[in-house]
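Me: I would like to learn how to read packing and pairing in a model. Please take me through it feature by feature.

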Amino acid sequence: MTTSVTERREPAGAPPGSGSRRLTERVFRIREFGIIAVLLVFVAITTSIQPSFLNQQNLQFLLINTTVYALLALGETMVVVSRNVDLSIGSVLGLSAYVSASTFGHHPGIPILLVFLIGLGIGLACGMANGLMVAVGRVPSLVVTLATLYIIRGIDILIVGGNEVTAQTLPNSFTNIPRATVAGIPYLAIAIAVVIGIGAYYMRAFRSGRELYAIGSNPEAARLAGIPVGKRIFTAFTASGAIAGVAGVLWAAQYQTIDSTAGTGYELTVISAVVVGGVAIFGGSGSAVGAAVGALLLSSINSALNVLGFPQLWLEAIAGFLLLLAITLDRIISVRLMTALRRRSPGVGT
Amino acid sequence: MTAGDAHDGGIPSSGSAVPGGPPAPPATQASAPSAEGTPASEGTPASTATPAGSTGPASTPTPAGPAPSAQPVLALHDATKSFGAVHAVTNGTIDLYAGEAHALVGENGAGKSTMVKILAGVYQPDSGELLIDGTPVRLHNPADAQNAGIAVIYQEPTLFPDLSVAENIFMGRQPLLAGRRIDRRRMHAESAALFSRLGVKLDPGRISRGLSIADQQIVEIAKALSLDARVIVMDEPTAALSATEVARLFDVVRTLRSGGAAVLFISHRLEEVFEICQRVTVMRDGRHVLTSELAGLTADDLVRAMVGRQMEERAAGERGVAGEVVLHVEHLTREGVFTDISLDVRAGEIVALAGLVGSGRSEVARAVFGIDRYDAGRVVLRGRQLRRASPTGAMAAGIGFVPEDRRQQGLVMDMSIQQNVALASLARLRQGGLVRSAAERAFAADWAVRLNLKYGRLIDPVSRLSGGNQQKVVLAKWLGRQPALLIVDEPTRGIDIATKAEVHRLLVRLARDGVAILMISSELPEVLHIGDRILVMREGRLTAEFGHEDASEEKIMAAATGQLQEAS
């Protein structure tokens, strides 16, 4: 019987279940495929009514408008996947945008890279403060970031006073960042897409990334599995803050007039994008790519409603309605997924 | 056999390893004068040290396995763990040897779960010594326990529902490619290899949401295997399994043993313990009672060691005279929870509902009171059928319900004593739609005197009271409505002994005054002490009924654990 000890290593035969694995992966991807399909259908309908929706200028405008949201959605995804939420990103963006852009006025000729580092530093500090309170203080993230939303905005207002940064004080090399294109596609959009791709890959392919999903899926089990829950959550908030800091500098380059209201309400738009993009609001599943597509969909909706000549007053109501629709779809898909899995469960004894 | 039978020497504690140590009588309740301070705890550890290699002619086919090791893989000695004033474990001692399946048994509240959490690194013992391979260690968190080679399979599987089966197995320890990226292919292949070792078919790529409990446990076991765990703790793994699933699990346990792992197996089902384990440790009231080879023991011996108490004398003459039927429950069934429950409770009678935690007792009570729905059957109170799932209807018909968890469900902790007492009687204290504070106070003061409540001021928050006095407030709340039927779920849990006796006297007095009482309790002395009739539930069904003359702890435990035939 001692032989049973020796036969413990390598599997016998071919890797089993590779066929079914492909199927599962397909099922996994449906989440993003679904949202991409919604986006394509939406674009098709809009274009058939108003062909100018697809002209180059409008598309560029659309992509540039999406970049800041999509970038913020990356950080928010990391937080939401771990069953938390970061409501402070709009305020972080605002503070970072003003402080970084105002350095051009105080120190003319300052290297742009340094300005980005200033924004990054502000974001890091805010994110770490959030992370500490959630991970160490064990305060619910909803409460913590709701508080920091107001605190950071308050600091922003104190610093800005009645001032604003205007376009004249900003160097062209800075304000041109969102305008540069290659083959008609804004550089910035490509760069952001790459960053989001890297972020999504990190969350998918690295242990610490997967552990964020595990924490969101079952926090108690994550603790029992020996995952350093506090450390991971701290990291997620730090990353979200850092990203919001950088997004603030980009926001400044794009809008060029920065007062104390910059980024107000962005947190809700970004959370909408994340949820529309298929990230489960109670954590455990979804990807940054989906969230970015969600941001693109929200921007497209806004742009289309403009192009189609909908009265401005309708925009918010319709956007909210579409959000509800997307969440309903998400629910239907996950219910179907569950029944499909049940049916093909290789049930031994079930 | 009755509790008085001497059986010293009847149990071959084949160890006799301690030099000069007498073969200790494992179950010594026969000589124990009272529930507290049984000499068992001091006398027994002598029978512990038993190298697994000497397993002897065990009834299960023992694979040759690894060579017997002289020292235990894991040894916990004299561990204590308290939560505030509650001593969960006062003498936790267990030795596990490579290649053995070791049972840990005891009544509810004996400290088994606390022991599991100590071994899992979830709790840190207040004192005591944990040795792994003879070296003292401290487990500061679950990760430490994992690294020390201890894997725990909890009663409730702890999976990540959104993640794939393979990820669940390897979370935190995924095989890596260059650049520290996860090697999914290898992770899936290794998962598949683990499953084929366990002889099950599970797709490593599927999401774990939707897996049956049995399959979830298989995933947990695969996780333990992948850890190369040398100690695998299974906390009631069979509680939710069907017979075929249990058989499969036992095959797995045998495979683990032959691979040289030590399995700590916790179960209330003694027949399973005898089927799969070689040695057993019995705990009672947080203390180690005995450790012995299972060969030669009977289920009766184990039950006696688990119970180990002298019965309290019941006060004769305090009984009420059972009158008309107040509560009549007929074929009550809630799918998957309890099945075909029929019972009567008469005026002036205390009916005790005994059974293990999870046997469906509280669920029946909740269904009767209308908190939970039921699928079939009916509940009749004083001749009138109650609407299902309507606590308001149940209250109006005259049922009072003292729930198991008084802090969460029985009381509003931040409200004052008088408000809590008056809470269920507001309709009576109301004048013109408003509750007058004076009426409320008078009402509460009256009940405080009647129940001998110890309090500062009636306007103090109820959270300031001791557990026993809080329970009195809950009782007062319902007694104020003068119920025809009072359902009490674990009425004395976490209450000190003096107040416990007071609550008992109170219940008996209520019965004498003609109230019908249905009492759920896990404490057998309590059941025997004040129950006029004792019903026993096991796995959602009523399995036995005893009058208070012919009931004994052994018989009740036997019925509750499915060992009915042995209790003669």
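Me: What share of the contacts in chain B with a separation of 6 or more comes from residues 24 or more positions apart?

Reply: Two residues are in contact if their C-beta atoms, placed from the backbone, lie within 7 Å. In chain B, residues 24 or more positions apart make up 68% of the contacts with a separation of 6 or more. This is a predicted model: local features need pLDDT of at least 70, side-chain atom pairs count only at pLDDT 80 or more, and totals for chains, interfaces and linings use all residues. Residues are numbered from 1 along each chain as its sequence is written, and chains are lettered from A and ligands numbered from 1 in the order in which they are written.

Me: What secondary structure does chain B have, and what percentage of its residues is buried?

Reply: Helices (H or I, at least four residues) and strands (E, at least two) are DSSP runs, numbered from the N terminus. Chain B has 19 helices and 22 strands. A residue is buried if 20 or more other C-beta atoms lie within 10 Å of its own, exposed if 12 or fewer, and partly exposed in between. Of the 568 residues in chain B, 53% are buried.

Me: Which residues of H7(B) are buried, and what covers them?

Reply: The buried residues of H7(B) include Glu245(B), Arg248(B), Leu249(B) and Val252(B). Their cover includes strands E3, E7 and E8 and helices H5, H6 and H8 of chain B. After H7(B) comes Gly260(B), with a positive phi near 95°.

Me: How do I read the sheet with the order E16-E19-E20-E13-E21-E22 in chain B?

Reply: Strands of a sheet pair through backbone hydrogen bonds, either parallel or antiparallel. Two strands count as paired if DSSP finds at least two bridges between them. This sheet is open, with six strands and mixed pairing. Its edge strands are E16(B) (399–402) and E22(B) (541–547), each pairing on one side only. Direction ignored, neighbouring strands are turned by 20° on average. E16(B) and E19(B) (485–489) are parallel, over four bridges. There, Ile399(B) stands opposite Leu485(B). Helix H10(B) (361–369) packs on the sheet, and its direction makes about 145° with that of E19(B).

Me: How many bridges join E11(B) to E12(B)?

Reply: Six bridges join E11(B) (325–334) to E12(B) (338–346), and the two run antiparallel. Leu332(B) stands opposite Ile341(B). Three residues lie between the strands of this hairpin, where Gly336(B) has a positive phi near 75°.

Me: At what angle do H3(A) and H11(A) cross?

Reply: Axes are lines fitted to C-alpha atoms, for helices over the stretch in contact, and angles run from 0 to 180 degrees between N-to-C directions. H3(A) (56–81) and H11(A) (229–255) cross at roughly 170°, and their axes come within 8 Å. H3(A) is therefore roughly antiparallel to H11(A). Angles under 35 degrees count as roughly parallel, over 145 as roughly antiparallel, 65 to 115 as roughly perpendicular and the rest as oblique. Residues of this contact divide into 15 nonpolar, four polar and one charged. Ala, Val, Leu, Ile, Met, Phe, Trp, Tyr, Cys and Pro count as nonpolar, Asp, Glu, Lys and Arg as charged, and the others, Gly among them, as polar.
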